[in-house]
Amino acid sequence: THDFGTQALKRLDYVYAGVSSTGALLIRVGDGVNAYSYKARRSDDHLRVQRFDVGRGIRTNYFTFDLTSEADAFELDSVTFRVLPTTRRI
């Protein structure tokens, strides 16, 4: 569970992952009540940055994340989240 340093309401714009995988990558984003899965724009068996376009309707104080692959395994180097704060606190 991540609050990204603030308890204010926020939303995710994009998630970037430095990863290699032979199968499609999926990220599951949860808001504490619901969870939504998003597919990476592409997959590559070499270590590359992949982008996940996250739905813009998810606004919460705390996010949860699961990264999976349709292949048996993947190699993860980094994950970067583009978080956009809202003006509302609750």
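Predicted model: local features only at pLDDT ≥ 70, side-chain atom pairs only at ≥ 80, totals over all residues.
Residues are numbered from 1 along each chain as its sequence is written, and side-chain values use heavy atoms, with hydrogens and water left out.

Phe4 sits in the segment before β1 (strands are DSSP runs of E, at least two residues, and helices are H or I runs of at least four, numbered from the N terminus). Its phi is near 55°, a positive value in a residue other than glycine. Most residues other than glycine have a negative phi.

## Aromatic rings

Searching the whole structure turns up 6 aromatic pairs (Phe, Tyr and Trp rings, the six-membered one for Trp, with centres within 6.5 Å; planes under 30 degrees apart are stacked, over 60 edge-to-face, the rest tilted). One of them joins Phe4 and Phe65 edge-to-face, at 6.2 Å centre to centre and with 75° between the planes. This pair bridges distant parts of the chain, as Phe4 comes before β1 (10-21) and Phe65 belongs to strand β5 (residues 64-69), 61 residues apart. Ring pairs also tie Phe4, Phe63, Phe65 and Phe81 into a cluster.

Over at Tyr14, Arg51 lies over the ring face, 3.5 Å from the ring centre (the rule asks for NZ of Lys or CZ of Arg within 6 Å of the centre and within 35 degrees of the ring normal).

## The nonpolar core

The largest nonpolar core has 14 residues, and Leu12, Ile27, Val29, Phe52 and Val54 touch the most other members (a core is a set of buried Ala, Val, Leu, Ile, Met, Phe, Trp, Tyr and Cys residues joined through side-chain atoms within 4.5 Å). β1 and β2 (25-30) are the elements that give two or more residues to this core, and β1 gives the most, with 4.

Beyond residues up to four places away in sequence, Ile27 touches Val15, Tyr36, Ser37, Tyr38, Phe52, Phe65, Asp66 and Leu67 (contact means heavy atoms within 4.5 Å).

## A buried arginine

Arg11 is in strand β1 and counts as buried because its relative accessibility is 16%. Setting aside neighbours within four places in sequence, Arg11 is in contact with residues including Arg56, Arg59, Phe63 and Arg82.

Notes:
Buried < 20%, exposed > 50% of the residue type's maximum accessible area, 1.4 Å probe, protein only.
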